[in-house]
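Please open the model in your viewer, with the whole chain displayed, and follow the stops below in order.

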Amino acid sequence: MSAAVGGAEFHGFGGAAQLPRPRMLGRPLRVAPPGASPAGASAASIRAVSAPLKKDATVKRSKVEIIKENSNFLRYPLNEELVSDAPNVNENAVQLIKFHGSYQQSDREVRGQKNYSFMLRTKNPSGKVPNQTYLAMDTLADEFGIGTLRLTTRQTFQLHGVLKKNLKTVISTVIKNMGSTLGACGDLNRNVLAPAAPYARKDVLFAQDTAENIAALLAPQSGAYYDLWVDGEKIMSAEEPPEVTAARNDNSHGTNFPDSPEPIYGTQYLPRKFKIAVTVGGDNSVDILTNDIGVVVVSDSAGEPVGFNIYVGGGMGRTHRVETTFPRLADPLGYVPKEDILYAIKAIVVTQRDNGRRDDRRYSRLKYLLDRWGIDKFRAEAEKYYGKKFEEFRPQPEWQFNSYLGWQEQGDGKLFYGVHVDNGRLGGQVKKTLREIIEKYNLDVSITPNQNLILCGVEQAWREPITAALAQAGLLEPKDVDLLNITSMACPALPLCPLAQTEAERGILPILKRIRAVFDKVGIKEEESVVVRITGCPNGCARPYMAEVGFVGDGPNSYQIWLGGTPNQTTLAETFMNKVKLQDIEKVLEPLFSYWHSTRQEGESFGTFTNRMGFDQLKEVVNKWAESAAAA
C-alpha cells in the first residue's frame, strides 16, 4: 500500500518486524519487551499511515494526526518529556499521554501560575475491578492523588492530582496490581461498557465476556505503554483467548496493516475517541444508544446466547453555537451470530478508521460519518471488511434503566450490594469504610455506568455487618436516597477540567435540592423523579443529552437547559433554553413542573410529556409564569 499524505508519500510496512503484542484488559497481561525504535524516530522510519488510502490521494490532516504518526507508536516525544525537570509535558506529549490513560491538567482556581498535575483513568471492561486493583487504587489516591477516587460514567476510576514526577510510580503500580490505564483516553477504543451486576446468568456473563474480548481485540499492540511505564518488564499472567488473537490477525478482507506493531490502528490510530457498550436485551444501564457501537446479546428460547444486534453511530459531544455539531443516537445496523462478533466489530472500526475525517477533529467521530453517508451506505462499506452481510435485527425487549443498587441475589448463592455514590466521588470516611469492607472480606467490586459501586460475592453471613458498617460511615441505603439523586449524573468540571465553563459535580447536589423544593411547592410527590444530568461544557461526558432535564454549561454560572430525554434513555433531548443563570433555574423549572403535574397523562414521564406538548407550548407557559410573577 502507498499513499501521498500531507504532501509526502508514505509506504506500507513491507518487511517491518512484528513486535510482541501485549495481552491485556480485563484479563491479566503477558507482555514481552519490544524492540524499541530510536527515541526520535523520523516519519520516514515509520512508513505508514493509519488508513490505506487511494494512491496519490492528497489529504489534509489535523496537527494531532501528524503528532500520532511521528510518535513511533506513542513513544516520542513523551519518553523524553517524562524525564525532564519541568512539572508538565509539551503539547505533542500532551496528545500522546492521553493514549496511556492520562490528561495533563492545572488547577484553575490557583492564580498567578500554572499548577500542573495529571488525571489518570483506568481501563475496566464491564466495570470489573479485582480486589487487588481496588486496594492499590485506594492507596494511590491517598499517597499520590488528592485523597479521593472518582467512579466514571464509563465504569472506570479517575485519579486526580498526580504530579509528573510520580506518574511512572503510579502507572506501574496499577499495572502490577492487575490494572491498566492503556487506551483509557486518546484516539482509539475506550473502556467497553457492560452490565455491572454480577448475576450468574448466561446472557449477562456472555455480555461481560464479550466486552472483555472486544477490549482485548482493540487494545494497542506496539508495547510502548510497557516500555514507558514498566521498562518493558514482562507481566506474566493468563493468555489471551485464542478467538481474540485469531480475529486480530485475520486479514481476509483487507482490514490489517501486515507486519505492523499496530495491525488494526496503524501509525495514526483512529480519527477520534471510539466508544463501545455491550448489554443484554432490555438492560439500558449502559446508555446503549450513545455509543459508537452498541452490542446487544440475543438469546434463544432456552436462554442460550446465539448472537448480537448491533447499533452504530451514537455520540454525545458537540460545540456551542456550531450547529453542524450535535449529539446523535445510534442506528440499528444488523444482527450477527455470536461467533462473528469480533470480526463484525473490527469491520466497523476499520470502516471508521479509513473514512472518518482527520482534517477537523470536531467532525471526526463515527456519528458524523453516519450522518454523511446514511446507514445503508455505511452498512455496505462495513460488509466489505466483514466479508458477510449483516442479518436483519432480531426482536428484543423494551429498554429500561437498571441501577443495581441495594442488596440483590447473584444467583450463585451469594449476594451483591450496590452502593449509591453521589457523583461517583469516593472520599473521607466513606472511602475509608469501603476499603475496610473490601479488604476484610476480600471482595471484588464493579463500577456502574451511573457512577456507583457494587460489592460482589458477598456471603449471606456478611450482609448484616456490612450494612451496619456502611450506615455508620453515613452511606444511606438506596431506599432512603432521593430518587433525583439515584438517576442523576455530573462530570467533574471545575476546577481541574480545562474545558469546563461552569460547575457540574460541585454544583449538582444543591441543584437537585432546589428541584426537590420545586416539586414540593407544586405538589409532586417525593416518590416521583426526573432524570437530571449536568456537564460543565458541551462535550457531554455525563450524557446530558439523554436526560429529561439536562444542564449544559454555557458560561460562568450559566447553563443551556435541554429537555425531552426519557427515563430509559432512548430519546434524545433538545435545547429548550440558552444562557439560564444558576440563580434563575426555578423561573424555568417551576412553571414546567407545575404544568406537568397538572396536565400529564397517567404515568407520563416528564420527558415524554415535554415531547408531547412541544417546546412552543412550554415556552409560552414559562413566559406567562414570568409575567404573572412580575405583576404580583
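Accessible areas come from the Shrake-Rupley method with a 1.4 Å probe, and for residues only the protein chains shown count as cover. On that basis the accessible surface of the chain is about 24000 Å², 50% of it belonging to carbon and sulfur atoms. This is a predicted model, in which local features need pLDDT of at least 70 and side-chain atom pairs count only at pLDDT 80 or more, while totals for chains, interfaces and linings use all residues. Residues are numbered from 1 along each chain as its sequence is written, and side-chain values use heavy atoms, with hydrogens and water left out.

Next, select residues 532-535, strand β18; strands (E, at least two residues) and helices (H or I, at least four) are DSSP runs, numbered from the N terminus. V532 and I534 point one way and R533 and T535 the other, and all are buried, that is, under 20% relative accessible area with a 1.4 Å probe and protein chains only.

Then show strand β19 (residues 549-555), which pairs with β18 in the parallel sense over four bridges, and find F551, the bridge partner of I534.

Finally, move to helix α13 (residues 428-440), in which the buried residues include V430, L434 and I438, and step on to N442, which follows α13 and has a positive phi, near 55°.

Definitions and conventions
Buried means under 20% relative accessible area, exposed over 50%, partly exposed in between (1.4 Å probe, protein chains only). Two strands pair if DSSP finds at least two bridges between them. The expected span of a helix is 1.5 Å times one less than its number of residues.
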